[in-house]
Amino acid sequence: MTDPDADVGDPADADSVVEAVFDAVAATAPEIRAALPGRRVESGTENASGESVMAGDLYADELLGDALTAVDGVGSFVSEERETAVDAGGAVGEGAYAVAIDPLDGSSNLRSNNAMGTVIGVYDAPLPATGRDLVAAGYVLYGPITTMVVADEDGVHEEVIEEDDGGVSRSVVEDDLRLPEDPLVYGFGGRVPDWPDEFTAYAREIEDELKLRYGGAMVGDVNQVLTYGGVFAYPALVDAPDGKLRLSFEANPIAYIVERAGGAATDGEIDILDVEPEGVHDRVPLYVGNEGPVERLKAALD
Ligand code: AHG
Ligand code: MN
Ligand code: MN
């Protein structure tokens, strides 16, 4: 775990703040996982994106909010489940960091008992910010086992998160996670009739080449692409040109991770990390994976 006495503000301490953020996320993972069986129902509320919120979303948001705002060096906290940023003390961009999370990504998979996870972005600028302000990003994946993928300036690694009598442990199982050279799988969100014609034509080509792996939770689908190579998309839709995924706490962290693993990520025109948001809940189309399929997608939409 980390040196709690490290004084924040020294650029060298970016690493210790990032480490403390992922310590806090790892520490909450077993508790969130254990709480899911009893929280598979709708909470009856809607979030800032106008989407219905599951009891599991609220629980994860509360637990992670408390844990992350208590981290020395976290100046503000933004969540998919909260309208506005939570002030955590400390001037973001001057030694403190802004953390953006999707507390439970793919929570519609709760009822069907499919994979879901938590997405984290650590920004060195007040939010809304571009992905170029990310200093680290990661996700927890609640699958058959609990894993955590973390990307920072040194690269991407994968950990297994476990809990025993001694507490929660983080074990690195892959210390240099790289996208495989040859794409193998694809997963495209949204309904086919809602896809623009150019995307449909591209999808038909990809369907003839790769294997369909779509599980309904971005973290699970992107983890398949990181593991086997390929492409994931939640595209612009005819009646939703900005797609569904939110830039601050879904697309930017995923783009940061996949690009550091050797892949590419675009909104259809520019690199996801260059998209300039107006608000922290802005949506953006996301196409991410091996450079080949992503470049073909950009040409197809051009
Ligand atoms: P969240 O549960 O955080 O709202 O995210 C769900 C997202 C993302 O995980 C997934 O890729 C997409 O919604 C699936 O959307 P569809 O149900 O339209 O396929
Ligand atoms: Mn999500
Ligand atoms: Mn969510």
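1. In sequence, the donor residues of the manganese ion (ligand 3) follow the spacing E-x21-D-x1-L. The ion in this predicted model is coordinated by Glu80 (OE), Asp102 (OD) and Leu104 (O), at 2.2 to 2.4 Å. Donors are N, O and S atoms within 2.8 Å of the metal (3.2 Å for Na, K and Ca); water is not among the atoms, so sites may look incomplete. Glutamate 80 lies in the loop between β3 (74-79) and β4 (86-87) and leucine 104 in strand β5, so the pair ties together parts 24 residues apart in sequence. Helices (H or I, at least four residues) and strands (E, at least two) are DSSP runs, numbered from the N terminus.

2. Residues are numbered from 1 along each chain as its sequence is written, while chains are lettered from A and ligands numbered from 1 in the order in which they are written. As the model is predicted, local features need pLDDT of at least 70 and side-chain atom pairs count only at pLDDT 80 or more, whereas totals for chains, interfaces and linings use all residues; side-chain values use heavy atoms, with hydrogens and water left out.

3. The manganese ion (ligand 2) is coordinated by Asp102 (OD), Asp105 (OD) and Glu250 (OE), at 2.0 to 2.1 Å. Aspartate 102 in strand β5 (residues 97-105) and glutamate 250 in helix α6 (residues 247-260) are 148 residues apart, and the pair links distant parts of the chain. The donor spacing along the chain is D-x2-D-x144-E.

4. Which residue bridges the manganese ion (ligand 2) and the manganese ion (ligand 3)? Aspartate 102 does so, and the two ions lie 3.7 Å apart.

5. Aspartate 102 counts as buried because its relative accessibility is 0%. Glutamate 250 is likewise buried, at 2%. Glutamate 80 is buried at 5%, and leucine 104 is buried at 1%.

6. The largest pocket has a volume of about 480 Å³. Its lining consists of 26 residues, of which the closest to the centre are Glu51, Gly106, Ser107, Ser108 and Lys244. At least two lining residues each come from β2 (52-54), β5, α5 (218-228) and β13 (230-234); β5 gives the largest share, 3 residues. On a 1 Å grid over the protein atoms alone, a pocket is an open set of points where a 1.4 Å probe fits, with protein on both sides within 12 Å along at least five of seven lines, and lining residues have an atom within 4 Å of a point. Grid points are joined across faces, edges and corners, and a volume is the space filled by probe spheres set on the points.

7. The UniProt annotation "binding site" (unreviewed entry) covers Asp105, Gly106, Ser107, Ser108, Tyr214 and Lys244. The lining of the largest pocket takes in Asp105, Gly106, Ser107, Ser108, Tyr214 and Lys244 from this set. Serine 108, in the loop between β5 and α3 (109-112), is exposed at 56% relative accessible area. Tyrosine 214, in the loop between β12 (211-212) and α5, is partly exposed at 36%. UniProt positions are given in the numbering used here, feature names are shortened, and annotations may be inferred rather than shown by experiment.

8. UniProt also places the feature "domain: Fructose-1-6-bisphosphatase class 1 C-terminal" (unreviewed entry) at residues 180-301. Over residues 180-301 the chain is 40% helix and 15% strand, with the end C-alpha atoms 25 Å apart.

9. Helix α1 (residues 14-35) has 22 residues and should span 32 Å at 1.5 Å a residue; its end C-alpha atoms are 32 Å apart, which agrees. The expected span is 1.5 Å times one less than the number of residues. At alanine 29, α1 bends by about 30 degrees, and proline 30 follows within four residues. The bend at a residue is the angle between axes fitted to the seven residues ending there and the seven starting there.

10. The peptide bond from leucine 127 to proline 128 is cis, with omega near 5 degrees; proline 128 is found in the loop between β6 (116-123) and β7 (134-142). Asparagine 113 has a positive phi of about 50 degrees although it is not a glycine. Asparagine 113 lies in the loop between α3 and β6 and is exposed, with a relative accessible area of 64%.

Methods
Buried < 20%, exposed > 50% of the residue type's maximum accessible area, 1.4 Å probe, protein only.
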